[in-house]
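Thanks for coming, everyone. Let me put the structure up, and then I'll walk through it.

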Amino acid sequence: MAEITGIYTASHTPVMLNFPDNIPAALKDEIFAAYKAMGDDFMAGKPDALIVLSNDHLHNFFLDNFPAYCIGCAESYESPIEHWLHAKRRTIAGDQAFGSYLLQNALEAEFDPSFSMEMVLDHGSLTPLELAGVDPDLPIVPVLINCVQPPMPTMRRSYNLGKFLGQAIADYDGVERVAILATGGISHDIATPRMGMVNEVFDETFLSHMESGDVDATIRYATDFVHTAGNGCEEIRMWMAAMGAANGAAFERTYYKAVNDWYTGIGIGRFRVS
Amino acid sequence: MANWQEMMPSTRAYLMDKVLYELHHKPDHLEAYTTDADAYLARFGLPDDLATAIRSNDVAGMYLTGVNPYLLRAHCIGVKIPEAESLAALRRLLDHEDYNDG
Ligand SMILES: [Fe+2]
């Protein structure tokens, strides 16, 4: 029986690594410190494994075969896959047995994720891990959700998948302590005419819904208003999954700022699971 | 405006996606493109307007083909189109009435 030591949500963007100085130094330092604080907080829970809920940005997956959900079942993960990302090439440990367990149990529970033993992680997983200062030897299981190529799974389905994951993790005997990092969003547009126009009203409303603990209202808002907040905002599917895994635990934002010059509403939060 | 131009990729968008994907993921493709863009693009049998948009770094033109925005974004960074230039090209397409503040 594994204990969930923490569930965190955090934005990601390659701009943080490629063009960090597009914003004033003081703001950059403040944001990097908020990621570091998140990392310190979740390492304090002494997890033995980390579930990374994230998305691929058309690097591992293409239109030849595009999974709605994909669970990583590899012994290790190279990163980054982007030749243009300003990040040191590194290898992150994987928990293959845990990934295989989650995959098989998902199928038993009538979810139908694909799986991969060849994933090379992109900035969506690497950036928050790097900024949080997570030990690359902490074994991870990546769970990727399609948020980048319509048609995509619904917000509610992603919440339900998270709910399944929370229960399956709790039932797992292979490790004792597990943290979850869900990464993506909040408001941002990638390569559209709106790029750089963060919808702060959406982000504030969304975070307030998350904090209210009203799951149905949060899923409804995410579903009905995501179109006002940019294609990058579709990544709040990972926040839905985190909310499912949290199984009713209270959410609190630890950081938020609309950062137009990074094109992104930078939000960080956690669920009070322990 | 909506988050997506196409809720299912059209064949034109797919063709654009295919080039921009292979260009930045297949070994030696970026080098081949940089060396001789026309010869590289000829491999794909694209309609002329699509090949022209790619070759001329016409960010707005590429966007309007319905190309996946993540592939377009990675391409802009990958072939080093200046940030300000790609941002301005996209922004010029913004009809104020399109902007939906929720
Ligand atoms: Fe992303």
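Start with two residues in chain A. A:His12 is buried, and A:Glu235 is buried as well. Keep in mind throughout that this is a predicted model.

What coordinates the iron ion? Three side chains do: A:His12 through NE2, A:His57 through NE2, and A:Glu235 through OE. The distances run from 1.9 to 2.1 Å. Written as a sequence pattern, the donor spacing is H-x44-H-x177-E. Now place two of those donors. A:His12 sits in the loop between strand E1 (3–10) and helix H1 (15–18) of chain A. A:Glu235 sits in the loop between helix H7 (215–225) and helix H8 (237–246) of chain A. The two are 223 residues apart in sequence, so the pair ties those parts together.

Next, the interface. On the chain B side, 35 residues are in contact with 41 residues of chain A. The buried area between the chains is about 3500 Å², and carbon and sulfur atoms give 65% of that.

Polar contacts are another matter: 15 residue pairs across the interface, with both partners at pLDDT 80 or more.

Which helices of chain B carry that side? Helix H1 (11–25), helix H6 (69–78) and helix H7 (83–91) of chain B each supply at least two residues of the side that touches chain A. H6(B) gives the most, with eight residues. By residue class, the side of chain B that touches chain A splits into 21 nonpolar, seven polar and seven charged.

Let me zoom in on B:Asn3. B:Asn3 lies in the segment before H1 of chain B. Is B:Asn3 buried or exposed? Buried, at 5% relative accessibility; the cut-off for buried is under 20%. Look at the side chain of B:Asn3. One of its polar atoms lies 3.0 Å from the backbone nitrogen of A:Gly230. The side chain of B:Asn3 also reaches the backbone nitrogen of A:Asn231, at 3.4 Å. Leaving aside neighbours within four places in sequence, B:Asn3 is in contact with A:Arg194, A:Val226, A:His227, A:Ala229, A:Gly230, A:Asn231 and A:Glu234.

A second residue that reaches across is A:Phe61, whose contacts include B:Tyr21. A:Phe61 is in the loop between strand E2 (49–54) and strand E3 (69–72) of chain A. Its relative accessible area is 11%, so A:Phe61 counts as buried. Not counting residues up to four places away in sequence, A:Phe61 also touches A:Asp56, A:Phe66, A:Pro67, A:Cys70 and A:Leu144. One more distance here. A:Phe61 and A:Met119 are 58 residues apart in sequence, yet their C-alpha atoms are 9.3 Å apart in space.

Now salt bridges. The total over all chains is 19. I'll take a few.

In chain A, A:Glu130 pairs with A:Arg90, with the closest N and O atoms 3.3 Å apart. This pair links distant parts of the chain. A:Glu130 is in helix H4 (residues 123–132) of chain A, and A:Arg90 is in strand E5 (residues 90–93) of chain A, 40 residues apart. A:Glu130 is partly exposed, at 27% relative accessible area.

Also in chain A, there is a network of salt bridges. It links A:Asp41, A:Glu252, A:Arg270 and A:Arg272.

Over to chain B. B:Asp38 forms a salt bridge with B:Arg55, and the closest N and O atoms are 2.3 Å apart. B:Asp38 lies in helix H3 (residues 37–42) of chain B and B:Arg55 in helix H4 (residues 48–55) of chain B. The pair therefore ties together parts that are 17 residues apart in sequence. Both ends are partly exposed: B:Asp38 at 43% relative accessibility, B:Arg55 at 38%.

Last one. B:Glu22 forms a salt bridge with B:Lys26, with 3.1 Å between the closest N and O atoms. B:Glu22 counts as buried, at 12% relative accessibility. B:Lys26 is partly exposed, at 37%.

That's the tour. Over to you.

Key: Residues numbered from 1 in each chain as written. Chains lettered and ligands numbered in written order. Predicted model: local features only at pLDDT ≥ 70, side-chain atom pairs only at ≥ 80, totals over all residues. Heavy atoms only, no water. Contact = heavy atoms within 4.5 Å. Buried area = accessible area lost by both parts, 1.4 Å probe. Polar contact = N/O pair within 3.5 Å; in protein donor to acceptor, adjacent residues only side chain to side chain. Helix = DSSP H or I, 4+ residues; strand = E, 2+ residues; numbered from the N terminus. Nonpolar A, V, L, I, M, F, W, Y, C, P; charged D, E, K, R; others polar. Donors = N, O, S within 2.8 Å, 3.2 Å for Na, K, Ca; no water. Buried < 20%, exposed > 50% of the residue type's maximum accessible area, 1.4 Å probe, protein only. Salt bridge = Lys/Arg side-chain N within 4 Å of Asp/Glu carboxyl O.
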